[in-house]
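Please look over the sequence and the model below before reading on. The paragraphs after it go through the structure one part at a time.

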Amino acid sequence: MASTTKRWGRAGTPRRGAVTATVIAFALALAACGGGGDEPEADPAAGDQPAGEEPEDEGADEGSGEPVIITIAQGVDTESGDAANLNATPSINIGYAIYDRLLSRDADGVLGPALATEWSQVDDSTWEFKLRDDVLFHDGTPLTADDVVFTFERLLNGEYGATNNITPINAAEKVDDYTVRLTTDGPYAPTPARTMFASIVPKHYVEEVGDEEFNLNPMGSGPFKFVEWERDSRFVVERFDDYWGGPAAADQIVYRPISETSSRIAALRTGEVDIIVNVPPDLVQSIDDDPCCVMKPVPSIRTMFVGMNTNVPPLDNVLVRQALNYAIDKDLLIETVMGGLAYKHDGQSLLFGPQVYGFGAGEPIEDYPYDPDRARELLAEAGYPDGLSVEFEAPRGRYLNDAELSEAIAGMLSEVGVQTNLTISEWGTFWPKTVEGNQQGLWFLGLGNTLNDAEYYYTLYLSSDGRGYYATDHMDERIRQQYAILDEAEREATLHDIHKTFVEEEVPWIFLWDQADLYATGANITGWEPRADERIDIMTVTRSDG
Amino acid sequence: MTIDTPPTLEDGQAPPATVSRTGSRSKMRQFRRNFGAMFGLTVIVVVCLMALFAPWVAPYDPTAQVLLNRNRPPFWMDGGTFDHVLGTDQLGRDLFSRIVYGARISLFVGIATVLIQTSIGVTVGLIAGYRRGWVDTLFMRIADVWLAIPFLVLAIAVAVILGPGVMNTVLVLGLVGWVTYARVVRAEVLTVRERDYVLAARSIGTPALRIVRQHIVPNVMASVLVVGTLQISRMIIAEASLSFLGLGVQPPNPAWGSMISEGRDRLGQQWWLATMPGLALMLTTLGINLLGDSMRDILDPKLGPKEGGA
């Protein structure tokens, strides 16, 4: 790290301006080539170098050598420290360190106990959860039913980022100190899974300090306690030794947002960070060949798509939306830009992959094969024989090859006469705008699915309970009806039928594919495997000596 | 070393005076003998021709993607062909064609912003220098405050408000960079307005506007020309910086800055993606600066012919 910085500095100082760009270019190249060779095994201290200070009092007392600090580089920073505002996966990942939820999901996607040990349905619209009695918040206060009720009520009564995610739960009620009941608007089958979106916060602390302070100094009952958060730079947590699930392996975890792919990889090669996300497919081989690092690819639950604002012309016209789907050569994009690391499920699903409940449970779904002539015909039929022009915004650094893909997609659209006004923004600009429903045309997005249930996409992005880009009464009704179906097979078939209607008739998105998640770790990182749901599980991650 | 210094001329050393007719021939000779000047001129002429005749020079449409032909190296490397002299980028677009078209954007932004800056800056400088008094104080204090904020930071702030795009970039840079001209012109005016012929004109009651137009403007144009030339290269770099940061010209428009930005993730593998537009940017700005420097040397009688040069 230090040597890299110096090299940059030396090269960059004497001449600013004209040559800077080129110099940076060469310096980066040097850093990328030289870094791995310099120092293949990361020095344990390297992780905390950028921190500079931060003594870890407890870790040092135990005196078992150097504290283990694991640095994780995601593409973007968390949007908030407050559990109620964690929405994007990188934020939710940080939330997993600090907070607990009633239930948890294992690497295979199966729901299991966490704060709640048992859960059962009391009547059609009421669920009861029995809590553990040995859970402590990071300040030593025990976690009780009051905190759970407070968490749900805070979400329900407030306007938080996660509020949408817990609908249709409408009330929480304390039965005794360690029993809670949740009620829903009518029968709602995936209630237990929905509770995954509610990270339990300490009532006494939030009430005392208020939302603003809680956002900056969060506290929960999770395996790690909050240490510090420098926005867009680092988010530091340290091990909570009294964690009910037993203490985690590492002493400290540092989350760093590094949106530049090349910087992220250079940081991994020099040992500055230990785990990185989103290695570009073109670089997989070179990382595999480097003794510094190990590639950890995994098929992801994340579905990629181009959203459309169906409220405004020209995207309010379903023929236009179909035309856009025919204009994209997905196979070519997967083969080239994605390096083959993306998965389509033609005929079974265009919205999500097989890990999601509701996948392929019924008649085949018609897909949109690449057919530019058909696209032009449809555009003409829709009243745009000379093509049309539309806004298109995409993030940079958030998803695998996001900017590049968006450019390629824009190129394919222009082939059929759809001119896009492409803007590539930083995630911090793009995401709030998208969440608030302010995208006016096309927007590129990847959706994870904490619920593992097709209903999540429908409610959040395709109904009037969601972001507002697509909402119709008839689909709203069908989405709400399936909540009530408690028979699993029947509900799965219904989810599939809705899926079929969305793809074949409503066409709210340009459907793309599921991506693979390409993680890489330092060669000396042990106890960590990637998961399909993109959760970066940090309970067992540590560093082997060597 | 003058290459990258922002061309702010101190009040004292402003290059004075009109170019006298009798001296122009020797100036031309001096210019032709100056290697830097000739090199700069050559580069600029080549870049300008490239930009003007881009559709004929570039072998391909700069935005045409051929995904099956991505990341081809330049012709001299293994796997490179003469079909794509400088190779292709991550979406299979011809890099040479993109650089050629990029010259259009860079030159357009450079020249257009300098025109905006000149019109604002020269006007402010003329008014401040000629009127003196509170008008002068007001304008110059504004200029001081303006200069206290780093140029690029101000440009980024305005770019965020206006949003990205070629025209907005021109507007941003044009609005932000007028101060240099205002100060240079004001300094010139301060000396010129005390000359005998100006005093004489004033004493016979010539209107102020006419004095400024006939006697003052011709005298300050030489320095404006020098500052403007040097400023073009600075603006080209500023545009590249904004585009690099994603606030300037947006894809798929082939601006050099955004090409460098898109190529930087691949420096380890496809180094040419960022390096080639970087070289184009470097050569162009170097050329403009060399030319501007020699123009200053030649137009400034205080510097002897031998002392000048880059």
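What follows starts with the cores, then turns to strands and helices of chain A, and ends with chain B.

The model is a predicted one. Its largest nonpolar core has 150 residues. The residues with the most contacts inside this core are A:Ile253, A:Ile276, A:Val306, A:Ala323, A:Ala327 and A:Phe511. Strand S17 of chain A, residues 509-522, gives the most to the core, with nine residues. The core also draws at least three residues from each of two domains of chain A, domain 1 (82-214) and domain 2 (300-516).

Leaving out residues up to four places away in sequence, A:Ala327 touches A:Pro372, A:Ala375, A:Met412, A:Leu413, A:Glu415, A:Val416 and A:Val418. There is also a second, separate core, with 73 residues. Among them are B:Ala143, B:Val172, B:Leu230 and B:Met235.

Next comes strand S1 of chain A, which spans residues 69-74. How many of its six residues are buried? The count is six of six, and the strand is described as mostly covered. A:Ile69, A:Thr71 and A:Ala73 point one way from S1(A), while A:Ile70, A:Ile72 and A:Gln74 point the other way. S1(A) has a parallel pairing with strand S10 (residues 252-257) of chain A, over six bridges. In that strand, A:Arg256 stands opposite A:Ala73. S1(A) also pairs in the parallel sense with strand S11 (residues 275-276) of chain A, here over two bridges. A:Ile275 in S11(A) is the bridge partner of A:Ile72.

Another group of strands in chain A forms an open sheet. It has four strands in the order S4-S5-S7-S6, and the pairing is antiparallel. Why do strand S4 (116-123) and strand S6 (169-176) of chain A stand at the edges? Each has a single partner strand, so one side of each is left without a neighbour in the sheet. From one strand to the next, the twist averages 20°. S6(A) is joined to strand S7 (residues 179-184) of chain A by six bridges, and the two run antiparallel. In this pair, A:Ile169 stands opposite A:Thr184. Helix H5 of chain A, residues 145-157, lies across strand S5 (126-131), S6 and S7 of chain A. H5 runs at about 165° to S6(A).

A helix can have buried residues on one side. Helix H13 of chain A covers residues 372-381, and its buried residues are A:Ala375, A:Arg376, A:Leu378 and A:Leu379. These lie on the same side of H13(A) because they cover an arc of only 165° around the axis. In general, an α-helix has 3.6 residues a turn, so residues three or four places apart point the same way. What covers the buried residues of H13(A) includes helix H11 (318-327) of chain A. After H13(A) comes A:Gly383, whose phi is positive, near 100°.

Chain B has 12 helices and zero strands. Of its 310 residues, 48% count as buried. Among the contacts in chain B with a separation of 6 or more, 71% are between residues 24 or more positions apart. B:Trp271 is found in the loop between helix H11 (256-263) and helix H12 (272-299) of chain B. Is B:Trp271 buried or partly exposed? B:Trp271 has 19 C-beta neighbours inside 10 Å, so it counts as partly exposed; a buried residue needs 20 or more. B:Trp271 and B:Pro73 are 198 residues apart in sequence, and their C-alpha atoms are 9.0 Å apart in space.

How values were computed
Residues numbered from 1 in each chain as written. Chains lettered and ligands numbered in written order. Predicted model: local features only at pLDDT ≥ 70, side-chain atom pairs only at ≥ 80, totals over all residues. Core = buried A, V, L, I, M, F, W, Y, C linked by C-beta atoms within 7 Å. Buried ≥ 20, exposed ≤ 12 C-beta atoms within 10 Å, placed from the backbone. Domains from an automatic or database assignment. Contact = placed C-beta atoms within 7 Å. Pairing = 2+ DSSP bridges. Arc of directions from axis to C-beta. Axes fitted to C-alpha atoms, helices over the stretch in contact; angles between N-to-C directions.
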